[in-house]
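The model comes first, then the text.

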Amino acid sequence: QSVSIRPYALVARDRMASYKAQIGPSLLACDLSNLAAESRRVIEAGADYLHLDVMDGHFVPNLSWGPPVIKALRKALGPAVFLDTHLMVSEPEKWVAPMADAGVSQFIFHIEATQNPGDLIAKVRAAGMKVGVAIKPKTPLESIDAIIESLDLVLIMTVEPGFGGQSFMDDMMPKVEALRSRYPSLPIEVDGGLGPGTIDRAASAGANWIVAGSSVFKQEDPTDVIALMRTSVDSAAETRVVA
């Protein structure tokens, strides 16, 4: 089954192509007893989307939430909020229909978890969701070469997936830089250890979708930290386009 070429791929050599910051608080870091209220708090503070980590206890050792929780959150928040869902699961194919039914906006699967990524991409699109791929720190960027132009987003993990309390892995930034040099408009997401102390490095490498957990939710008012990360990404993007 064929997959479509995404618009950013058509301007891969257009050095004036640009991208904008998108800041997505990671809900695993929020007060989970008040999931909907915490979601509204960060959206009102300027977040562009919400990031949901789905873990199955197999692909990664931890468990989190599944479609019923996401569906309840969608009902509470309404249709406008963008739910970016990172599936750290084995057999992501079997979760396409349940996630679509739950109201997921973007379905991100791990390249390491599927044998047929092209078929999976087509299945996700047919279900009405955007589609992204994630790669673990030890997975080479070349593993997604065959599918990258059919994706809406690439997620570069800056920690090992499934484990909390890890530090930002600066040595993942060459992957981001390589992607950005090839695809000036590609949405590139980074996840793990992002906050005021690391955002400039990620931004200068070319990341623009920023997943941030405790650095956002630990703030009584997260407006300033969200604005700071947005400014860092957008300033780096302007410099890159001018250069």
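The model is predicted: local features need pLDDT of at least 70, side-chain atom pairs count only at pLDDT 80 or more, and totals for chains, interfaces and linings use all residues. Residues are numbered from 1 along each chain as its sequence is written, and side-chain values use heavy atoms, with hydrogens and water left out.

The structure contains eight salt bridges, a salt bridge being a side-chain nitrogen of Lys or Arg within 4 Å of a carboxyl oxygen of Asp or Glu. Among them are the following pairs.

| Pair | N to O distance |
|---|---|
| Aspartate 101 and lysine 71 | 3.0 Å |
| Aspartate 152 and arginine 125 | 2.8 Å |
| Arginine 201 and aspartate 170 | 2.9 Å |

Aspartate 101 and lysine 71 meet in a salt bridge. Aspartate 101 lies in helix H4 (residues 96-102) and lysine 71 in helix H3 (residues 67-77), so the pair ties together parts 30 residues apart in sequence. Helices (H or I, at least four residues) and strands (E, at least two) are DSSP runs, numbered from the N terminus. Aspartate 101 is exposed at 51% relative accessible area, while lysine 71 is partly exposed at 41%. Buried means under 20%, exposed over 50%, and partly exposed in between (1.4 Å probe, protein chains only).

Aspartate 152 and arginine 125 form a salt bridge. This pair links distant parts of the chain, 27 residues apart: aspartate 152 is in the loop between strand E5 (130-135) and strand E6 (153-157), and arginine 125 is in helix H5 (residues 117-126). Aspartate 152 is buried at 11% relative accessibility; arginine 125 is partly exposed at 23%.
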